[in-house]
Amino acid sequence: MVKIVVVVEVKAGEVRKPTLELLSHIRKSGFEADAVIAGENVKGLADRLAGHGAGTVYVADDSSLSLFSVPAYLGAIAEAVEKSQANQVWFSGSESSKVLAPALAARMDGAYCGDAIGVEMEGETLTVDHPAMATKVIQKVRFRNEGLKVLVIRSGTFDVEPAEPKPAHVVELAAPALDDRVVTKEVIQESAGEIDLGDASTIVSVGRGVKGPEGIEFVRPLVDALGAAYGATRAVVDSGWMPHNTQVGQTGRVVAPDVYFAIGVSGAIQHMAGMSGSKLIIAVNKDPDAPIFSIADYGIVGDLFKVVPLLIDEVKKVKS
Amino acid sequence: MRHRADFSGGELNVIVLIKHVIDVELNVRVRDGSVVQDGMTYVLSKWDENAIEAALVLKDAHDGEVTAVTIGPERSGESLRKALAMGVDKGVHINDPATEGSDSMGYARILAKTVTRQPYDLILAGRQSQDTDQGGTGPMLAELLNIPLVGNVVEIAAVDGTKLTAHRNGDAGKEVVEVTLPALLTANDSLNEPRLASLRGIMAAKNKPMEILTLADLEIDPATVGAAGAGTEVVEMQPPRARAAGQKFEGAPEEITKEVMGLLVNEAKIFG
Ligand SMILES: Cc1cc2nc3c(=O)[nH]c(=O)nc-3n(C[C@H](O)[C@H](O)[C@H](O)COP(=O)(O)OP(=O)(O)OC[C@H]3O[C@@H](n4cnc5c(N)ncnc54)[C@H](O)[C@@H]3O)c2cc1C
Ligand SMILES: Nc1ncnc2c1ncn2[C@@H]1O[C@H](COP(=O)(O)O)[C@@H](O)[C@H]1O
C-alpha cells in the first residue's frame, strides 16, 4: 500500500500552490496522504489540507520555527514520517526542500530523487522522470521497493483540483529540538513582486538586455499588467539589479508556468533548464540567433525598449 | 569521535568534494536509452569549482590545508589534478569499480568513511553535480556525519575560532546562518568566480600528494554502495520532450508585436 507524507510549504500564512498540486495528484491517483506542516501560526491551515485529502495533518507550530532551520524542520518532518508509517515523502521544489529532502533520506536510510517532473506507480514500484545534465536528458529513475522513498517534485507538474476545507485530524508534534550548532540569525527579505515564482501562472523574466536597474522598472508595468511574477537571469541577479530569489534556472528557481516571457534573455543552458518546462514561451531579443528562440513558441526579434511598451499597451487593451 | 582540527583562529582545514562529470555544455545525445559516450569529454563539475575557490580563499585567510576528494574511475584523476593546480594541497581519489552505479547516498556513505580519516573544520561540496542534477550528496553527508549543514551558499561572511557565518539563498530571501565548526556547506555558483590554474600551479601540482584508495582501504562493504547498494537506479535515459517548433517574428516592432499579441489572444488563448 502506498502511503505518502506531503511536506507542506507556507507563504504569507497560506498553503502554497505546489503543495496543493501534490495533494491533488495523490487524491486523484487513489493513494493515501498525510501532511506535515512546520512553522509559526500554521495550525489554522490544517483544515485546508484536509479538504485537499490529507488524512492526518502533523503540525509543528512553534515560534522557533518562524525562520528556516534545518535541524528543527528536519526533526518535525522525520517525526511525522515515523508516526504516519508512510513509505513515501513528497516535497515540492523549493530551496528548503533541496536541503531537507536529501538529509531526511539519509536520516531514515531512504532513497532520494531531487527533482521529478513525472511520477509513475506500478504496484509498489515507483519510477520518476528526472531531468539531468542541464535538462539535456530525462532520466527514468526507479526506486528500490524496500525502504522510504523521498522525492522532490517540480512545481507545475500537477494541477490543483478545487476543494473546500474540512475539519482535519490533527496530530501535534513536540516542540522542535533546538540545535545551537546551526542558527538562522535573520532572513534578509527580498522580493521583486507580490507573486511567488513557484505559485505564478505567468512569469516575466528579464536578462542583461534590460541594461540596468532602470530597465527593471521599465519592464515592471508589463509584469503588473499581466498579473505575473517577476523573475530574472543570473546575470541580472549577480549585477544586483534584482533580488537573489528571483533567479530562474538551474541554481535558482525551476519553474513551469502556463506562460513565460523572456525579455532580453539570451537563453543559456542553465537558464533554460529552469524554465523550458513552461507551457508557452514568448521571447523578446534583438539578436535573431539568440538560443532562447530555439525554445520560444513566439519569438519577437527586436529592441525590448521598443517592444515592451507596445506589449504593455496591447495587454492593457485586451484586459480592459 | 572528534573530527575537528585544532582551529582557534589558527589553521582551518577544509575538505572539498569534487566530481568529474560529462561536459554538459557539449551536445549531449541519447541513443537506445543511454547517453552516447562517443566524442564526449569530462570536466570538473562547475559548482565544485566554486567550492574549491571558496576553500582556497579561506586557506589564504587562515592557513591550514585543503584536501580535494573524488570518487570515480581513472579519468577522475584529471579533476583532482586541476584542483591541485588551482592551489589545493592534497588529493584523495577513491577509485574502485564497485562504486559504479552509486546514487547520491552511495557516494555520501563512501565520503563519510573517507573524510573521518583526518581531522577537518569544514567540508565544501557543490550544490549539485552537473551530470546528476540531484543535489543529494552534500546534505546526506552532513546528516551521516551529524554536522551542521548550510545548503546553497552565496557568501561566506565571517569565520572566527569556532564559528562560521554563511549566507544562503533561501525561499524568502537571503538567510544569514551561523554554524559551529565542523560544518558542511554546499556552494551556489554565485559564491565566487573560480580562479584559473596558473602555469606555476600546474607545475607545482605534479609534486603534490595524491592518495589512491579502494573500498577495502576504507573498510566499506561493497554491497552497501555502487549499483548493489543503490536505493535508486537510472533505468533509462530519454531526450527531453521536443517543443513544437515556434514562430519567429522580424520586422517593424509595431507590426510584429501586434501580430504576436493577436496570436496570444486567438491562438494560444492566454487571456482566457
Ligand atoms: C554553474 C552555473 C550555473 C548557472 N545557473 C544559472 C541560473 O540558474 N540561471 C541563469 O539565468 N543563469 C545561470 N548561469 C549563467 C548562464 O550561463 C548565463 O551566463 C546567464 O543566464 C546569462 O544571462 P542573460 O541572458 O541575462 O545575459 P546574456 O547572456 O548577456 O544575454 C543578454 C541578452 O540580451 C539581448 N539584448 C541586449 N540588448 C537588448 C535589447 N535592447 N533588446 C532586446 N534584447 C537585448 C542580447 O541579444 C542577449 O541575448 C549559470 C552558469 C553556471 C556556470
Ligand atoms: N563521486 C563523487 N566524488 C566526490 N564528490 C562527489 C561525488 N558525487 C557527488 N559529489 C559531491 O556532491 C555534490 C552534489 O552531487 P549530487 O548529489 O550528485 O548532485 C557534488 O557537487 C560534489 O561536491
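Analyst: Happy to; below we take a helix pair and then a sheet in this predicted model.

User: Why are α8(A) and α7(B) called oblique to each other?

Analyst: The axes of helix α8 (residues 304-319) of chain A and helix α7 (residues 253-266) of chain B cross at roughly 40°. Roughly parallel needs an angle under 35 degrees and roughly perpendicular 65 to 115, so the pair counts as oblique. The crossing of α8(A) past α7(B) is right-handed.

User: What makes the contact, and which classes of residue does it have?

Analyst: On α8(A), the residues include A:L310, A:L311 and A:V315, while α7(B) brings B:M261 and B:V265, among others. By class, there are 8 nonpolar, 1 polar and 5 charged residues.

User: What makes β15(A) and β15(B) the edges of the sheet?

Analyst: The open sheet has 6 strands in the order β15(A)-β14(A)-β16(A)-β17(A)-β18(A)-β15(B), with parallel pairing. β15 (229-232) of chain A and β15 (247-249) of chain B each have a single partner strand, so one side of each lacks a neighbour in the sheet. From one strand to the next, the twist averages 15°.

User: Where do the two helices lie on the strands?

Analyst: α8(A) lies across β16, β17 and β18 of chain A, at about 135° to β17(A). α7(B) lies across β16, β17 and β18 of chain A together with β15 of chain B, and runs at about 170° to β18(A).

Key: Residues are numbered from 1 along each chain as its sequence is written. Chains are lettered from A and ligands numbered from 1 in the order in which they are written. This is a predicted model: local features need pLDDT of at least 70, side-chain atom pairs count only at pLDDT 80 or more; totals for chains, interfaces and linings use all residues. Side-chain values use heavy atoms; hydrogens and water are left out. Axes are lines fitted to C-alpha atoms, for helices over the stretch in contact, and angles run from 0 to 180 degrees between N-to-C directions. Helices (H or I, at least four residues) and strands (E, at least two) are DSSP runs, numbered from the N terminus. Angles under 35 degrees count as roughly parallel, over 145 as roughly antiparallel, 65 to 115 as roughly perpendicular and the rest as oblique. A crossing is left-handed if the near helix is turned anticlockwise from the far one by less than a right angle, and right-handed if clockwise. Contact means heavy atoms within 4.5 Å. Ala, Val, Leu, Ile, Met, Phe, Trp, Tyr, Cys and Pro count as nonpolar, Asp, Glu, Lys and Arg as charged, and the others, Gly among them, as polar. Two strands pair if DSSP finds at least two bridges between them.
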